[in-house]
Amino acid sequence: MDTKGQTKYTFPKSERLTGKKSIEELFAKGSSFFIHPIVLKYQLVEGASHKILIAVSKKALKKAVDRNLVRRRIREAYRLNKHQLSAKNNSFYNLAFIYTDQNILAYKEIENKLCKLLQRLEKN
RNA sequence: UGGGCAAGCCGGCUCAUCGUUCCUCUGUCAUUGGAUAGAGGGAAGGAAAGUCCGGGCAACACAGAGCACCGUACUUCCUAGCGGGAAGGUCCGGAUAUCGAUUUAUCGGUGGAUGGAACAGAUAGUGCCACAGAAAACAUACAGCCUAAGGAGCUUGCUCCCGGCAAUGGUGAAAAGGUGAGGUAAGAGCUCACCGUUCUCAUAGUGAUAUGAGGAGCAUGGUAAACCUUACGGGUUGAAAGACCAAAUAGAUCCUGUUUAGAGUUGCUCGCUCGUUUGGCAGGAUGGGUAGGUUGAUAAUGAUCCUGGCAGUGAUGUCCGGACCAGAUAAAUGAUGGGCAUCCGCCCUUGCUCCGCUGAAGCAUUGCGAUGCGAAGCAGCUGGCGGAUACAGAACCCGGCUUACAGGCUUGCGAUUUUU
């Protein structure tokens, strides 16, 4: 939990999951669960902060413009709600949000579902 | 005034809150890169798309020539170059117009707009041409036409034989130049005129071609987006190219120290090979090189963009002046909520239209045709409500082409309606 009085809503590059190895490891060994329309893959790793990646299937949304829009909405929802997630013994989560719906959902709906995902992850 | 076609251009604006990335400056920490805070500035397109052409750039390949393969194909010009563009030519096509004829809505002629064309070669060769038709290319001619010449029979002007013909008919996308006249037994470019074709020459043009003259009776149908021939062009790959730095682990080589007599081959033994300059361990170094990173890469000086001048029919060129304009990399340029703008639909008549249209009853004027006023309705503006705002996201960089696109603006063209 963020114990400071002011909550930070930033999203710097260090909180993004990059690198071929760590991504492959996450997809190979990570656990996952699903709340429509997002599949969440997660893995506890030692590090400095939680790291996420967002994926939108090219099969679900054909146009690059649409994929960009969904990716941006998920990123915004995570950015505004990531304070719900806490660290566990200096270990942090590597997360992958995979959007599966074939329609472009509104921001409020995505935010609502993403909060549920984070709450369920926190209970583990 | 409202719709259509063509060309060109634009393709939402703004506020609040919270964020992303790059650059510059300043502070702090590290002192090699960098991390962090603050301030200021930049941050998607006309197609960023499709990846269809052409280049730049890079690596590899490469004496020269030919064959093969692929591509292009009217001419001239533009361009760094192109399969792109401009102007022109030829053919196809036939709008508007116009003339004549009459069956007054048809036919025929003249003329040629917008538009379309892989538009080199079909007498270099090979192949193919469904169905129909006698025949689809060297005409063995189906139905037909003719009986002049030659022969036979006899009823002496008819039949048969031997023959001649390709005009007429039908089929077809296409039927062996067309129309007319002569000619003939019947016919036939057999002959002639005009048209067409083709050859030669002249003139005009840079040229494709055009115009004219003269010859050839014309033996040669179409198809090259069938093979092919001719001319010209083409090395391959593609930024995941390429260049550089390089942790950990394993292995290679070398050096030092220490220890050892064996080591390799094999499942084991024997055998074979090497060896006391060997092998093991520890430490160090070297180069290759993985993860990863830097660069390529774009804060740029160019086939760049903008405003003008000049040259050119034009594509375009040139000159003066000005500008520096995204740079991400599991991939930034946004998300949410308001307001405005534009367009569309519905509702309302509160208001406006004395300058929009229709205009009852009635009134006024009158040259008895009509004109003016006029409730009300329609339409528009205003107001209210609702909806829509497209196509689409840089991925090394340029030049084209193609395709997608709500709505708006400008110019031109011809038609239509209304008013004067």
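## The surface near RNA strand B

By class, the surface near RNA strand B consists of 11 nonpolar, four polar and 10 charged residues. The model is predicted, and in it 25 residues surround RNA strand B. The closest of these are Tyr-9, Thr-10, Lys-20, Arg-72 and Tyr-107.

Helix 2 supplies the largest share, namely eight residues.

## Overall composition of chain A

Chain A contains three helices and four strands. Read from the N terminus, its elements follow the order α-β-β-β-α-β-α.

Of the 124 residues in chain A, 20% are buried. Among the contacts between residues at least 6 apart in sequence, 82% join residues that are at least 24 apart.

The four strands form an open sheet in the order 1-2-4-3, and the pairing is mixed. In general, the strands of a sheet pair through backbone hydrogen bonds, in either a parallel or an antiparallel manner.

Strand 1 and strand 2 are antiparallel and pair over five bridges. A hairpin connects strand 1 to strand 2 by way of two residues. Within this pair, Ser-31 has Tyr-42 in strand 2 as its bridge partner, and Ser-32 stands opposite Lys-41 in strand 2. Strand 2 (residues 38-46) is also joined to strand 4 (residues 91-99), by nine bridges, and these two strands run antiparallel. Here Val-39 has Ile-98 in strand 4 as its bridge partner, while Gln-43 stands opposite Asn-94 in strand 4.

## Helices across the sheet

Helix 1 lies across strand 2, strand 3 and strand 4, and its direction makes an angle of about 115° with strand 2. Helix 3 (residues 107-123) lies across strand 1 and strand 2, running at about 40° to strand 2.

## The largest nonpolar core

Which elements give two or more residues to the largest nonpolar core? The core has 20 residues, of which Ile-38, Ile-74, Leu-95, Phe-97, Tyr-99 and Leu-114 touch the most other members. The elements in question are strand 2, strand 3, helix 2, strand 4 and helix 3. Strand 4 gives the most, with six residues.

When residues up to four places away in sequence are not counted, Phe-97 touches Ile-38, Leu-40, Ile-52, Ile-54 and Ile-74.

## Two loop residues

Ser-86 is located in the loop between helix 2 and strand 4. Is Ser-86 buried or exposed? There are 11 other C-beta atoms within 10 Å of its own, and a residue counts as exposed if this number is 12 or fewer. Ser-86 is therefore exposed. The C-alpha atoms of Ser-86 and Asn-103 are separated by 32 Å, the two residues being 17 apart along the chain.

Ile-104 belongs to the loop between strand 4 and helix 3. Ile-104 is partly exposed, because 15 other C-beta atoms lie within 10 Å, whereas a buried residue would need 20 or more and an exposed one 12 or fewer. Apart from neighbours within four places in sequence, Ile-104 is in contact with Asp-66, Leu-69 and Val-70. Between the C-alpha atoms of Ile-104 and Lys-82, which are 22 residues apart along the chain, the separation is 22 Å.

Note on methods. Residues numbered from 1 in each chain as written. Chains lettered and ligands numbered in written order. Predicted model: local features only at pLDDT ≥ 70, side-chain atom pairs only at ≥ 80, totals over all residues. Near = placed C-beta within 6 Å. Nonpolar A, V, L, I, M, F, W, Y, C, P; charged D, E, K, R; others polar. Pairing = 2+ DSSP bridges. Contact = placed C-beta atoms within 7 Å. Axes fitted to C-alpha atoms, helices over the stretch in contact; angles between N-to-C directions. Core = buried A, V, L, I, M, F, W, Y, C linked by C-beta atoms within 7 Å.
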